[in-house]
Amino acid sequence: MDELLQRLRSEGFRMTQERLALLQQFRDIGRIVTPAEMHQIAQERGVSVGLTTVYRLFEALTKVGATVPFLVDGTIYYTFCDADHHHHVICMRCHRLTEVRGCPTYDGLPANWEVQGHRVDWFGVCPECQTDMQQAH
Ligand SMILES: [Zn+2]
Ligand SMILES: [Zn+2]
Ligand SMILES: [Zn+2]
């Protein structure tokens with residue numbers, strides 16, 4: 001976290017108590033969120049920052065590679081990502097997100113490519129939502 005704060009500072013993002021609280025909430029939220037959702041959650045938890053600040057934080061986090069955007073039904077959602085290489089599995093119903101540490105194989109790639117990285121995410125329905133959906137029937 002200290003290193004992240006330093007990188008954010010070097011991007012010209014001025015850290016305040018409220019902004020730090022916002023960053024910590026975003027880090028611990030465990031789901032993908034839009035800036036508007038993050039703003040509302042912060043308000044509900046007593047962190048009074050403006051929506052513009054949420055956008056600024058997400059922009060700064062994007063610059064330092066500590067957040068990843070997801071396009072879901074035409075809306076951009078964000079998740080906090082630490083520096084370790086990982087993947088995600090995301091519930092399309094409740095937007096819960098879990099990090100996945102294992103990497104998929106490179107089977108099926110065209111020959112003679114020098115691969116330098118990959119981005120893989122899985123989308124589906126989490127166990128809790130599956131239970132919810134069964135009970136609703
Ligand atoms: Zn991540
Ligand atoms: Zn779910
Ligand atoms: Zn990987």
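Predicted model: local features only at pLDDT ≥ 70, side-chain atom pairs only at ≥ 80, totals over all residues.
Local features were taken only at pLDDT of at least 70, and side-chain atom pairs only at pLDDT 80 or more, while totals for chains, interfaces and linings use all residues. Residues are numbered from 1 along each chain as its sequence is written, chains are lettered from A and ligands numbered from 1 in the order in which they are written, and side-chain values use heavy atoms, with hydrogens and water left out.

The zinc ion (ligand 2) has four protein donors: Cys91 (SG), Cys94 (SG), Cys126 (SG) and Cys129 (SG). They lie 2.3 Å from the metal. Donors are N, O and S atoms within 2.8 Å of the metal (3.2 Å for Na, K and Ca); water is not among the atoms, so sites may look incomplete. The angles among the 4 donor atoms run from 106 to 113°, and the site is tetrahedral. That label requires four donors with all angles between 85 and 135 degrees. The ideal tetrahedral angle for four donors is 109.5 degrees. Along the chain, the donor spacing is C-x2-C-x31-C-x2-C. Cys94 sits in the loop between β3 and β4, and Cys129 in helix α5, so this pair ties together parts that are 35 residues apart in sequence. Helices (H or I, at least four residues) and strands (E, at least two) are DSSP runs, numbered from the N terminus.

The UniProt record, an unreviewed entry, places the feature "binding site" at Cys91, Cys94, Cys126 and Cys129. These residues span 39 residues in sequence, yet no two of their C-alpha atoms are more than 8.2 Å apart, so they gather at one spot. UniProt positions follow the numbering used here, feature names are shortened, and annotations may be inferred rather than shown by experiment.

Cys94 is partly exposed, with a relative accessible area of 24%. Cys129 is buried, at 3% relative accessibility. Buried means under 20% relative accessible area, exposed over 50%, and partly exposed in between (1.4 Å probe, protein chains only). Beyond neighbours within four places in sequence, Cys94 contacts Arg31, Cys126 and Cys129 (heavy atoms within 4.5 Å). With residues up to four places away in sequence not counted, Cys129 touches Cys91, Arg93 and Cys94. Helix α5, which holds Cys129, covers residues 127-136.

The zinc ion (ligand 3) is coordinated by His85 (NE2), His87 (NE2), Cys103 (SG) and His118 (NE2) at 2.0 to 2.2 Å. This site is also tetrahedral. Its 4 donor atoms make angles of 98 to 118°. The donor spacing reads H-x1-H-x15-C-x14-H. His87 belongs to strand β3 and Cys103 to the loop between β4 and β5 (121-124), so the pair ties together parts that are 16 residues apart in sequence. His87 is buried, with a relative accessible area of 1%. Cys103 is partly exposed, at 44%.

Strand β3 also takes part in an open sheet of 3 strands, ordered β4-β3-β5, with mixed pairing. Strands pair if DSSP finds at least two bridges between them. β4 and β5 are the edge strands, each pairing on one side only. Strands β3 and β5 run parallel and are joined by 4 bridges. His88 has Asp121 as its bridge partner in β5.

Technical notes
Tetrahedral: all angles 85-135°; square planar, octahedral: opposite > 155°, others 65-115°.
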